[in-house]
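Subject: Structure handover

Hi,

Here is the structure for you to take over. Please open it alongside this email.

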Amino acid sequence: MSTSGDRVYRRSTTGTSALRAVSTRERRSHLSAPRVPTVGIDIGGTKVMAGVVDADGQILERVRTETPDKSKSPKVVEDTIAEIVLDLSDRHDVHAVGIGAAGWVDADRSRVLFAPHLAWRDEPLKDALTSRLAVPVMVDNDANTAAWGEWRFGAGRGEDHLVMITLGTGIGGAILEDGRVKRGRYGVAGEFGHMQVVPAGHRCPCGNRGCWEQYSSGNALVREARELAAAESPVAYGILDAVDGRIEEITGPLITDLARSGDAMCVELLQEIGNWLGIGIANLAAALDPSCFVIGGGVSAADDLLITPARDAFRRHLTGRGYRPEARLTKAQLGPEAGMVGAADLARLVARRFRRANRRRLERYERYERAADNIRRAVGQ
């Protein structure tokens with residue numbers, strides 16, 4: 001991978017104003033965005049996934065690397081991102097960079113306020129990267145970028161009111177209304193995983209108890225399986241055999257694989273996770289009334305083992321059931337690449353504003369040169 005260390009990159013002075021303009025005119029603006037390639041980056045606790053994406057959502061090239069250890073300085077992660085972008089720029093005409101970060105991003109989409117799996121605390125990520133790259137940079141929450149990707153190119157196409165639920169280690173989420181991401185006043189809307197569903201329930205790393213993600217997430221799935229295995233429950237013999245008694249090797253993908261092969265305990269655990277998922281979605285339907293819920297994230301790979309019980313629980317717990325239209329529940333189509341594709345597409349909106357600002361600056365310069373030429377000719381006469 002090329003580091004391109006000898007290149008000189010000028011910092012853009014138009015990035016902040018361009019981003020501010022995009023935030024007020026995001027609705028349907030993708031229709032007039034330039035059809036240029038952009039880089040999308042999805043940053044998680046364990047990996048950095050990046051790709052060059054065209055205007056139709058097609059990935060022209062992708063790169064994946066491990067996330068530097070969270071004990072290292074934020075600059076180490078930023079160095080990794082910059083290196084990837086510069087490497088991709090060697091082979092593609094990149095016009096903007098979009099970043100989906102697993103953390104809270106401020107309303108201006110410039111600072112990562114808090115990232116639970118990285119050492120970012122009020123980190124000025126956009127400015128740090130814009131100063132090193134020759135293109136504008138956009139930063140957003142990874143669930144927001146995934147929802148945008150699904151709305152533009154995946155399971156949410158044609159929906160005007162969409163809610164996305166991302167089931168991974170925890171639960172993330174995003175809201176789209178009329179083609180615009182609803183980020184909230186401070187930029188941190190969509191943290192559905194920390195709704196309290198069981199008072200005085202399981203302790204959550206966020207500091208509270210009974211959060212939704214403690215009952216319907218990858219962590220919840222693995223915790224329940226390991227507890228049954230540690231208790232040497234008769235129903236856990238199958239999974240204990242699969243890991244040769246090493247309980248710490250029980251993972252979410254293993255549980256899903258065993259459930260597909262018919263292991264009764266693993267099927268039941270996924271049904272429980274799906275039941276809690278449906279309950280939480282019913283609560284969100286009461287508050288937001290969307291037309292569609294898109295279920296993404298790593299746990300959604302369980303397909304109908306998870307989605308079917310979620311739909312059943314949703315219908316049982318939906319307020320006003322039988323007397324109101326039901327939102328559609330569907331699995332995400334773009335898989336783990338949704339956040340990367342969505343980030344690249346959102347960056348394309350910034351690229352449009354950036355190009356217009358540069359064009360206006362060039363026009364002003366040309367007018368100045370013409371006026372200066374006229375003055376020189378007049379003096380010469």
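Below is what was found in it, from the whole chain down to single residues.

**Overall**

Note that this is a predicted model. The protein chain has 10 helices and 13 strands. It runs to 381 residues, and 50% of them are buried. Among contacts with a separation of 6 or more, 67% link residues 24 or more positions apart. The chain exposes about 17,900 Å². Carbon and sulfur atoms supply 49% of that area.

**Nonpolar cores**

The largest nonpolar core has 41 residues. Ile165, Ile239, Leu277, Ile281, Phe293 and Phe314 have the most contacts inside it. Helix α8 gives the largest share, with 10 residues. There is also a second, separate core of 29 residues. Val39, Val77, Leu133 and Val139 are among its members.

**Leucine 277**

Leucine 277 sits in helix α8. Leaving aside neighbours within four places in sequence, leucine 277 contacts Ile165, Leu167, Trp212, Ser216, Ile295, Leu306 and Ala310. Take serine 216 from that list. Serine 216 and leucine 277 are 61 residues apart along the chain, yet their C-alpha atoms are separated by 5.6 Å.

**Serine 217**

The side chain of serine 217 reaches the backbone oxygen of threonine 169 at 3.5 Å. Serine 217 also touches Gly168, Gly170, Ile171, Ile273 and Val299, among others, with residues up to four places away in sequence not counted.

**Aromatic pairs**

The structure holds 4 aromatic pairs. Two are described here.

Tryptophan 148 and tryptophan 151 form a tilted pair. Their centres are 5.0 Å apart, with 55° between the planes. Why is their separation about one helical turn? Because they are 3 residues apart in helix α4 (residues 142-153). Both tryptophan 148 and tryptophan 151 are buried.

Tyrosine 215 and tryptophan 276 form another tilted pair. Here the ring centres are 4.9 Å apart and the planes stand at 45°. Tyrosine 215 lies in the loop between β11 (180-181) and α5 (218-230), while tryptophan 276 lies in helix α8 (residues 264-288). The pair therefore ties together parts that are 61 residues apart in sequence. Are these two partners buried or partly exposed? Tyrosine 215 has 12% relative accessibility and counts as buried. Tryptophan 276 has a relative accessible area of 24% and is partly exposed. The cut-off for buried is under 20%, which places tyrosine 215 at 12% on the buried side.

Strand β6 (residues 112-114) is joined to β5 by 2 bridges. Within that pairing, valine 105 stands opposite valine 112 in β6.

**Two backbone points to check**

Most residues other than glycine have a negative phi.

- Aspartate 122 has a positive phi of about 55°. Aspartate 122 is in strand β7. At 40% relative accessibility, aspartate 122 counts as partly exposed.
- Aspartate 244 also has a positive phi of about 55°. Aspartate 244 is in the loop between α6 (237-242) and α7 (252-260). At 59% relative accessibility, aspartate 244 counts as exposed.

Over to you.

Best wishes

Notes. Residues are numbered from 1 along each chain as its sequence is written. This is a predicted model: local features need pLDDT of at least 70, side-chain atom pairs count only at pLDDT 80 or more; totals for chains, interfaces and linings use all residues. Side-chain values use heavy atoms; hydrogens and water are left out. Rings of Phe, Tyr and Trp (its six-membered ring) pair if their centres lie within 6.5 Å; planes under 30 degrees apart count as stacked, over 60 as edge-to-face and the rest as tilted. Helices (H or I, at least four residues) and strands (E, at least two) are DSSP runs, numbered from the N terminus. Buried means under 20% relative accessible area, exposed over 50%, partly exposed in between (1.4 Å probe, protein chains only). Two strands pair if DSSP finds at least two bridges between them. Contact means heavy atoms within 4.5 Å. Accessible areas come from the Shrake-Rupley method with a 1.4 Å probe; for residues, only the protein chains shown count as cover. A polar contact is a pair of N or O atoms within 3.5 Å; within protein, one must be able to donate a hydrogen and the other to accept it, and residues adjacent in sequence count only if both atoms are side-chain atoms. A nonpolar core is a set of buried Ala, Val, Leu, Ile, Met, Phe, Trp, Tyr and Cys residues joined through side-chain atoms within 4.5 Å.
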